[in-house]
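Dear colleague,

I am passing on a structure to you with this email. Please open it first, and then read the notes below beside it.

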Amino acid sequence: MNYSKKIDKKWQNIWEEKEINKFNFKNIKKKLYCLEMFAYPSGKTLHLGHWFNFALTDSWARMKKMQGYEVFQPMGFDAFGLPAENFAIKTGIHPQDSTRENIKIMKEQLKEMGAMFESGSNNVATCEPEYYRWTQWLFLQLYDKKLAYRKKAPVNWCENCKTVLANEQVVDGMCERCSCEIVKKSLTQWFFKITDYAEELLEGLDNLDWPEKTKKNQKNWIGKSTGHEITLKIDKKDLYITIFTTRIDTLMGVSYCVIAPEHELVAKITTTEYQNSVNNYIEIALTKGEIERIADNGEKTGVFTGSYAIHPISKKLIPIWVADYVLENYGTGCIMAVPAHDERDFNFAQKYHLPIIQVIREIKNQKLPYLSKSGVLINSTQTLNGLSVEESVKKIEKILGENVTPKINYKLRDWLVSRQRYWGAPIPVIYCPKCGVVPVSEEDLPVLLPYDVEFSPRGESPLKNHKSFINTKCHVCGSEAQRDPDTLDTFVCSSWYFLRYPDFNNSKEIFNTDLINKILPVDKYVGGPEHAIMHLLYARFVTKFLRDIGKIDFSEPFLSLVHQGLILGEDGTKMSKSKGNTISPDGYVKEYGSDVFRLHLMFAFSYADGGSWNNKGMKAILRFVSRVENCVENIVNKDSISSNLINNMDIMDDSNEDLYHKIHTTIKGVTADADKFQFNTVVAKLMELLNEICNYEKFDNKNENLYAQAVMILIRLLAPFAPHFAEEMYGKLGGEYESIFKSNWPKYKEVSKKEVEIVIQVNGKIKYKITLPSDLSKEDLCRKVLEKPEINNIIGNKKIKKVFAVVNKLVNIVV
């Protein structure tokens, strides 16, 4: 076989020289923006996961190019962040040096992959001043609109990473990066007011072509709750507690109230008798992460404060407990507990022997907790008993009057963006003793990250000890001032990178609005599902903000989203350097060529699911490619074949029904499967077509031109999935264009065979196969089968109970 890495290099150079993959801005009306989540250059090379994400998405994009779309497919580098800094701490190599060197290596690897990435877009690296200047500009715009603010707040602190983490970066109470336990600290930090966009972020999901699970994850994270706030008087104190509930209809079933451990009222309402137990409980509760505290499957704990609230209708005393399943920053930080109608409250009440009062019933002897909203009120008041849930809400609102307010709450918290690490974009703010907080002027951007910094983690920002960076002058009054020592969360850098690609050389503004409005939003976005509630949510927020300040005219960044699965190590575990089970694609590319490796990734794994790495199928793919090449050589060696016919798909001899039918069903199937990112079945269908072509090649009286056309169609169908190889074969066959990717994607006709093979089953077991006309109805198909002497011989004197049929496929006779 002639195909090798040399063929790859040949066509990579041709594509670059002739700008085959370059986006034509003059053809922008036909644009299709295809984007893979960009690479993180913390490791030296691209790994299998990058290949699985990038190369297979490129195949989809290449098919779209052949279908007539003007494809824009950029690639850059998400270059700031903890991994590069931690690598620097471990090795002593400065993160700027290691990152830039890694980017250089990865650019070569991306070229070897043979993807259509715009060569210029590789200049987009978030760690370069030309880029983070505009990340800082974005911060200033948010600050100007009062959507960036600074406050002291309890934050998630990772002692190992020596930095603050956003809520989204805490998994089961552990740091998502290093798996160390998170503790709570009170620090003054910068936040973005993403909560102002909670409702729009929620509503916009319904119109997106995204995986349902991802949309559900975002909806749950935003966590909209519609209910009421009710004010309760605290017994024997001149204090009030405001509770939030989504079920005001169950108000008469309240048996206790719960207040969050961190709530300011706890210290004021806790009696002397319970002071020690409450303090001890709070100390333990605050070591837990928020997700751990509210998890449905977690054990619920609490302690009594010694105080009581007065029920606003019955005037009974309701004990107030402190429990960690209530969060201060959700709702009012206080809830009413109705054990008979809430599973969490029910379990808590059983554990601590608290009353369980059923106040809604649909049937007698109802199992508790009863969670449905259907039924009527019981055990309430004379005016409420017998009312439906809907009727009782209006009645209770009227009874409570000024003490109740309709309210919508969200679980979503504002985005914490301050990080106490070195390798990130400096926060563009200075602190002046006279003027206070002063944003850096846009003319002074970027605030450069200094190189000569001691960045070993000490629990505070490394930039704090860099005197020439930290000390500056206030540009408002000229006084001595200090810069903010923290850097921005790297998710700020990645929240807008997709907007920079089309205009990456623009030094005057973040991007040209007219251009971006023409080429955005992204039509197809591909990346891992782990970004559902971080990057994907933040990018949506920033997009909506930029729309509101007039920089863009669209509301969503990514119209369609695809998640790829995870390629695991051969041992079935996640690949990591610490485990020593990482696999580099470079050796396989060198031995087999880029296209064989790409086809193997497609054929061996479901794109959505991934799986454990196995290279056993590589040689089978190699044989497939070799057989295709042999078919091409068979044509090249014959002078009688018309090059005009080879290139004209509209003129095709249909004399061989099997081949003609297989060609058109393959075009249809490959097109549909590739659109759904079902690449394993794409390769399977191409293999089936090759088998049909090889069978036809053995015919003595075959039509040479039909054979050649069939091979050319196979090559064109193969082109997006084996681009270098297909280019080489297309050239040998005398393709009419300089590149196969300038030719059109094959179109199929709806064809059916005159005759089809029918499988005959008896009691579900295959017994015979016969050929019958394809236009038979189900009834005629059964009749024809039962008339066959061969079938009667198989059945013998057994009684036929029933006959099932699938038209054009099988008949199952039950005897």
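Two strands are said to pair if DSSP finds at least two bridges between them. The model is a predicted one, and that should be kept in mind throughout.

With this definition in hand, we can begin with strand β8 (residues 224-233) and strand β9 (residues 240-245), which run antiparallel and are joined by six bridges.

An open sheet of four strands, in the order β2-β1-β24-β25, shows parallel pairing. Because β2 (70-72) and β25 (561-563) stand at its edges and each has a single partner strand, one side of each is left without a neighbour in the sheet. From one strand to the next, the twist averages 20 degrees. Within this sheet, β1 (residues 31-36) pairs with β24 (residues 524-527) in the parallel sense over three bridges, and C34 stands opposite K524 in β24.

Finally, please look at helix α5 (residues 129-144), whose 16 residues should span 22 Å at 1.5 Å a residue, which agrees with its end C-alpha atoms being 22 Å apart. The buried residues of α5 include Y131, W134, W137 and F139. After α5 comes K146, which has a positive phi near 60 degrees.

Definitions and conventions
Residues are numbered from 1 along each chain as its sequence is written. This is a predicted model: local features need pLDDT of at least 70, side-chain atom pairs count only at pLDDT 80 or more; totals for chains, interfaces and linings use all residues. Side-chain values use heavy atoms; hydrogens and water are left out. Helices (H or I, at least four residues) and strands (E, at least two) are DSSP runs, numbered from the N terminus. Axes are lines fitted to C-alpha atoms, for helices over the stretch in contact, and angles run from 0 to 180 degrees between N-to-C directions. The expected span of a helix is 1.5 Å times one less than its number of residues. Buried means under 20% relative accessible area, exposed over 50%, partly exposed in between (1.4 Å probe, protein chains only).
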